[in-house]
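This briefing is meant for a reader meeting the structure for the first time. Please look over the sequence and the model below before reading the points that follow.

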Amino acid sequence: MALLPSGCNARRFSFWLGMIALIALPARVLALGQPQYVRSMPVAGGFTLAENGKTAEIDVDPGDWWGVLHAAQDLQGDFQRVTGVTPKLVRTAELPKGNVILIGTIGKSRAIDELIREHRIDVSAIRGQWEATLTQVVRLPGIGRVLVIAGSDRRGTIYGIYDLSADIGVSPWYWWADVSVTHRNALYTEAGRWIVASPVVKYRGIFLNDEAPALTGWVNEKYGGYNHLFYTKVFDLLLRLRANYLWPAMWNSAFAADDPLNAKLADAYGIVMGTSHEEPMMCAEKEWKPSFGEWNYVTNQKRIDDFWRGCMERDKNYEEVVTLGMRGHNDTPMSTGDNIALMEKIVADQRKILQETVNPDLDKVPQVWALYKEVQTYYEQGMRVPDDVTLLWSDDNWGDLRRLPTAAERKRPGGAGIYYHFDYVGGPRSYKWLNTNYVPKIWEQMNLAWQFGAIRIWVVNVGDLKPMEFPISFFLDMAWNPARFNADNLQQYTQDWAAQQFGPEHAAEIAKLLTAYTKYNGRRKPELLEPNTFSLIHFDEAARVYEEWQSLTDEAEQLGKELPATDQDAYFELVLYPVKASAIVNELTITAGENALYATQGRVSANDLAERARKLFAEDAALTYQYNHALAHGKWDHMMDQTHIGYTYWNEPPVNAMPAVTWVQPLEGPRMAVAAEGTAYAANGPFPPLRLGTFDDFNRQTRHIDIFNRGDQPFAWTAKANQPWIRLSATSGTVTTEQRIFASIDWAQAPQGRNDGDIVIQQKDGPAVTVHVEEFEPATPRRDDLQGFVEAGHSVSINAAHFTSETHGGPGTDDARWVNIPDYGETLSGMTILPVTTPSVLPPKAAPTLEYRMYLFDSGKCSVQAILAPTLNFAPGRGLRYAVSFDNQPPVIVDALADDSDQAWATAVSDGVRKVTTILNVSTAGYHTLKFRMVDPGVVLEKLVIAFPNPEAPGFPAAPVSKAPAAPASYLGPPESYHQIMPADTQEP
């Protein structure tokens, strides 16, 4: 065994190893998910890309595809960006002479074909494949080493070129996100041969949609409209991201008609064009003029057929995927009288036009039928299209897949695909402003799509494109090779992506920020925030949410100070702006909520909160101004024009409108009042008496009491507890507006059992307020001996990943298991079944089960609330069910979608979770085990809350006590209960 240095020397040895590794790699990493073969130091048998002020020559056959020639020219520019030296670009069909990067497509490059004939390179692994690439260092006699980039087709070659660009340190987002390029004097490749096989998803792309006011305002200012000057920037980005498919902007533009170079250059670049779900036959909706008559196939068939025929004649020589079918005008359902027979006739007539204009053999004309919204209903009611047409299934506009292909449908030669959303205009509320799409959710849903065979097309609505840089990268990388991703490596992907944009030094910190802000935005989209979204009463929820955002903002601002000036623009766009802007809107709505609460309590500090809300509203405007006008010298003017504050219904407000605030008029003189944590009521005398929630020996809570002024003069106060085990953070003071004190228990002095005490808060020369306190220290179980979770406040809250044990399934589910998806959902993570294709299992057959051991002090009826992802029933003929039970009781089967009403769906997607409650019975106090059992795969469990009726709930005296078993209402649910799980546990941060 080799001996290594120890102690300080070992640390020094490790440090230098790390430094050598950093020196050997480019500062910007990397071609994500693709071969990474470029180094900053020479490698034996490798190839010299740049050294001593010289770069390798780039050779490409002039007879190769135009898109290949253009990408080779981009590579020339990328080398100049990295090294400061512009390589020589030679268009030649001859074999190279000297140190050359030889680029070519099989069958289009004579030099590549000659190397194949002479057996210098073996392309058997890629020949005839879709978009595959061979990159290889080849030694040629009399010439030396050559770096060969050979593609099976034009995009295979183009992708190989851009992979090299990324490997030398040019991010795909270098222009769209102003990602800087680190200078390198020397670049080398390893010796070797790298194959990039065909992608899993054939057509991978984006949809520019809901593009006004932001993207449209920017495009109009910078380019004068949606013309080829704009679209070539999009084409370049897509190819660098290994995408090949685009649905163009369509709200107020027509891709092919507005600028004839749009379609021509798309094809030349190698971009496969399509049109949206509502725009059949390559015709933009805006091309249909009022003079053409009504958009009604029953009454105006000939004119509509001519319209479609004209579009296909115009575009017939371009590579496209043609959308079939028909929706109503402006993306609305067709009229009530429309029927399946008519829709089938429309598709048949469209296919006839395709035969007459494009190719009599329709197998050679890629076609897609988008089963979006009501169109899916047509399919479910029996409408069919020919088997060579791709069925494009959709999500619910909120990232939850509505339907996936069955085993029979997977046999269709046309295959299936997915239309997904990162942005949406519609109910229950539009969301267009910032990225609210977190990677674990995208992975979980698109993993379903992959496993169920929906892999012909993946297209995602990205809104204005600009705020969605990170999820766009992930979506397209996953489309290329879904098998590369799993629940455990998503954070690593995030870190790699951060390293690609900013280098490795701060990648982990940036990845943490990206993960956190998208997760927080995912639990409630900014457009849906209301002053009462997060509870101002229970669990300090609103304060905790505010503190999370404030902490994230502080981290983002501090990290920004450590980055070089060259990274500031990209950092602001990709990290700092979305973090700060999201934090401001969250704080603004929470502040407005506190203002309303404080006003009802008569606090003069409500006025301070009203003023704070005004300042936050102004901060939002200032930050928007900075993005639009100061960032990158105004490069992105209008890109943040989207309104995002002041929604009153589903559609965006015309202008940002600050939440309403209230100003109070102070009473004359000093006027003390007191509010206790856990209730909205306040007291300025003996009635109503206030109560703090129970303190227990397990959680050892600290609870707060607010002493505040309703008057215009300050007052002095004292506080005294009547029990020695009650501890107060302060026992006297003077209040002008308000002061918060904290109560806790000295557990070394507290007696066992349930014991009461009081805190009396006295205004000098004024009234006294009593706050009742109860502590609970049971004889059993003891805190140190606890096994599992413990009830407190008549409830138990459990993060799903913190199961105390698990059991596996029986025959048919041998490989099935519950898997944790870190950072999924509203709190800690999500638990789901893998493989997702596991068959359903009904009790009493064995199935994978999560078990949660807990100690309960209550007995009788209790509610078991499962907080689930808002997943839909994507598999026909199957539910979205699970089973729950205590101990050895018979499992109760629960259908998560038992309420499939529109209102239930709207609530679930707005909340980001579906809350499903089941009533169970616990016969005795003591230890019990809650079992959560798989019935159907697809369920994602985030949290469990078990609750009994709470007769001691703080509230207004004489108010009826609810006998319903439920935890206090809050958006995120109660924080996780105290627990001990052996041998290891990971507490929620």
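Lys512 counts as partly exposed, because its relative accessibility is 46%; here buried means under 20% relative accessible area, exposed means over 50%, and partly exposed lies in between, with a 1.4 Å probe and protein chains only. The model is a predicted one, in which local features need pLDDT of at least 70 and side-chain atom pairs count only at pLDDT 80 or more, whereas totals for chains, interfaces and linings use all residues. Residues are numbered from 1 along each chain as its sequence is written, and side-chain values use heavy atoms, with hydrogens and water left out.

**Salt bridges**

- The side chain of Lys512 meets that of Glu555 in a salt bridge at 3.3 Å, N to O, the term standing for a side-chain nitrogen of Lys or Arg within 4 Å of a carboxyl oxygen of Asp or Glu.
- This pair links distant parts of the chain, since Lys512 belongs to helix H15 (residues 507-523) and Glu555 to helix H16 (residues 541-562), 43 residues apart; helices (H or I, at least four residues) and strands (E, at least two) are DSSP runs numbered from the N terminus.
- Glu555 is partly exposed, with a relative accessible area of 30%.
- Through salt bridges that share partners, Glu131, Arg154, Arg155, Arg204, Asp267 and Glu319 are joined into one network.
- Across the whole structure, a search finds 44 salt bridges.
- Glu190 forms one with Arg39, where the closest N and O atoms are 2.8 Å apart.
- That pair too links distant parts of the chain, with Glu190 in the loop between S9 and strand S10 (193-196) and Arg39 in strand S1, 151 residues apart.
- Arg39 is buried, at a relative accessible area of 17%, whereas Glu190 is partly exposed at 24%.

**The open sheet**

- Four strands form an open sheet in the order S1-S9-S2-S3, and their pairing is antiparallel; two strands pair if DSSP finds at least two bridges between them.
- Strand S1 (38-39) and strand S3 (54-55) are the edge strands, each of which pairs on one side only.
- Between strand S2 (residues 47-51) and strand S9 (residues 187-189) there are three bridges in the antiparallel sense, and Phe47 stands opposite Thr189 in S9.
- Helix H2 (residues 66-83) lies across S2, S3 and S9 and runs at about 125 degrees to S9, where axes are lines fitted to C-alpha atoms, for helices over the stretch in contact, and angles run from 0 to 180 degrees between N-to-C directions.

**Nonpolar cores**

- The largest nonpolar core has 186 residues, and those with the most contacts inside it are Ile101, Leu164, Phe230 and Trp308; such a core is a set of buried Ala, Val, Leu, Ile, Met, Phe, Trp, Tyr and Cys residues joined through side-chain atoms within 4.5 Å.
- Helix H17 (residues 568-601) supplies the largest share of this core, 14 residues.
- A second, separate core of 39 residues includes Met831, Leu850, Val922 and Met934.

- Lys441, found in helix H12 (residues 439-451), is buried, with a relative accessible area of 11%.
- Not counting residues up to four places away in sequence, Lys441 touches Trp398, Gly399, Asp400, Tyr420, Tyr824 and Pro870, contact meaning heavy atoms within 4.5 Å.
- Asp349 lies in helix H10 (residues 340-357) and is buried, at a relative accessible area of 17%.
- Leaving aside neighbours within four places in sequence, Asp349 is in contact with Tyr297, Gln301 and Asp305.
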